Amino acid sequence: MSGFFALVGRDIRIALRQFSDTMMVIVFFVIAAALFPFGVGPEPNLLARMAPGILWVTALLAAMLSFDRLFQNDYDDGTLELLVIAPQPLWMTALAKIVAHWLTTGLPLLVAAPVIGIMLNLEPRGYGVLIAAMALGTGIISLVGALGAALSLGSRRSGVLLSLLVLPLVIPVLIFGAGAVDAAIGGFAASQQLLVLGGLLIGCLAVCPWGCAVALRLAAE
Amino acid sequence: MDGFSGTGLACIRSNRIVFAGLDFAVSPGGALVLTGPNGSGKSSLLRLMAGIARPAAGSILWQDAPVSEDPEAFFARLHYVGHRDAVKPALTVRENLTFHAALRPGAADIDGALERVGLAALADLPARMLSAGQTRRLTLARILATPAPLWLLDEPTIALDYRAVERLRAAIDAHRAGGGMIVASTNVPLGIDDAATIDLAAHAPAPDVLWADEPPDILSDEPR
């Protein structure tokens, strides 16, 4: 387990030292969401109606920016070889990378989302569910994105390949995440959508670290 | 055999046979030096030994048991130094070493290892400030920070000055005196006492021979 926490700690430390890289994701999130009022017009009711969808789509695209460097740096400088031959299960190593990714990308997105919600005139009733759904959804995005990043490791134009791999897989997150916020705004219970997101998170938690481990071993070879 | 060995190893990279039919054996306290021209498969062999890649044929044994039976137990016994340094420029020298030591089993002696490679004074400097030779020394500090019976070193002396090479040699001697094993690839004489040598060039496959003898004369009309 010491290796697990050492890896999480190291990745967070590197993310804090290279703060501009970490902030890039959040800045993209804010700017992309801020473009919508210019594109569709600043009508408050229209924006409020579209806010859940805009928040989820832009958060997803922002998160995509962070995946190409998730394993790439370790792959380039030879650290990945050492992680593969570390005497702990490789899925645990992959899970440590995913946890660190969520803490440095998912969590900041979660913090920024309500702020953008205010900008888009999101109904006050929606915020609680937005945060709950985002907490689950960003976890799923980190897990699926890490799997995509591990699979596309070492290929040329891995960024494009990564988007093609990951974006279709996270469509359910988009549907149920935006659906949960819509339901809360409409005055309905959002528990169904949140339960589906929770189920997806548990499913991904079981499959993705293991899949990552297989892909990383192949990439290191 | 009591030690680390391999039999009938073959390595294929991008549909090309790098070497085939290679045997090796290292006993406790022993050393094995891999030589051969560039591209002859020294690094590939070390990666097979470390378990990063799998051999196309043959098996690698630790005390006569195939390492593939329990790879994690085998990984716990080795240190591997590749030709890439695995040093993060954003972290300090000490942070880099502490991270790698935490991945390996055994009690870590970070300060002792930095002292032995002559980086103690630079411990709190970001690794991006280090020169190529100092970065290499930081990489080699990894193998001194935690104990492991088997060291696999890929061209360990690259970028090192002669004093650092002397220190490495002393570390290798101390490791072997304690019953440790070493496999090192090199293009320059390392000066390791009574080390066995494997010349990878001797295990290269024969160049593709389509016709061993004169090609048959299939165009002539004469009956054969």
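Trainee: Is Asn15(B) buried or exposed?

Mentor: This is a predicted model, in which local features need pLDDT of at least 70, side-chain atom pairs count only at pLDDT 80 or more, and totals for chains, interfaces and linings use all residues. Residues are numbered from 1 along each chain as its sequence is written, while chains are lettered from A and ligands numbered from 1 in the order in which they are written. A residue is buried if 20 or more other C-beta atoms, placed from the backbone, lie within 10 Å of its own, exposed if 12 or fewer, and partly exposed in between. Asn15(B) has 5 other C-beta atoms within 10 Å, so it is exposed.

Trainee: Where is Asn15(B) found?

Mentor: Most residues other than glycine have a negative phi. Phi of Asn15(B), however, is positive, near 65°. Helices (H or I, at least four residues) and strands (E, at least two) are DSSP runs, numbered from the N terminus. In these terms, Asn15(B) is found in the loop between strand E1 (4-13) and strand E2 (16-26) of chain B.

Trainee: Is Ala86(B) buried or exposed?

Mentor: Ala86(B) also has a positive phi, near 55°. Its place is the loop between strand E6 (78-81) and helix H3 (93-103) of chain B. With 22 other C-beta atoms within 10 Å, Ala86(B) is buried.

Trainee: In what order do the 4 strands of the open sheet in chain B lie?

Mentor: Two strands pair if DSSP finds at least two bridges between them. E1(B) and strand E4 (residues 57-62) of chain B pair in the antiparallel sense over 5 bridges, and Phe4(B) stands opposite Trp62(B) in E4(B). The edge strands, each pairing on one side only, are E2 and strand E5 (65-66) of chain B. The pairing in the sheet is antiparallel, and the order is E2-E1-E4-E5.

Trainee: How many helices does chain A have?

Mentor: Along the sequence, the pattern of chain A reads α-α-α-α-α-α-α-α-α-α. There are 0 strands in chain A, and the number of helices is 10.

Trainee: What is the radius of gyration of chain A?

Mentor: The radius of gyration is taken over C-alpha atoms, and the globule rule is 2.2 Å times the number of residues to the power 0.38. For 221 residues that rule gives 17 Å, and the value for chain A is close to it, so chain A is as compact as a globular protein of that length. The radius of gyration of chain A is 18 Å.

Trainee: At roughly what angle do the axes of helix H3 (residues 44-67) and helix H7 (residues 127-151) of chain A cross?

Mentor: Axes are lines fitted to C-alpha atoms, for helices over the stretch in contact, and angles run from 0 to 180 degrees between N-to-C directions. Residues are in contact if their C-beta atoms, placed from the backbone, lie within 7 Å; among those that meet are Leu55(A) and Phe67(A) in H3(A) and Ile141(A) in H7(A). The axes come within 10 Å and cross at roughly 35°.

Trainee: Which element gives the most to the side of chain A that touches chain B?

Mentor: The contact takes 19 residues from chain A and 22 residues from chain B. On the side of chain A, the elements that give two or more residues are helix H1 (2-17) and helix H5 (79-84). With 7 residues, the element that gives the most is H1(A).

How values were computed: Contact = placed C-beta atoms within 7 Å.
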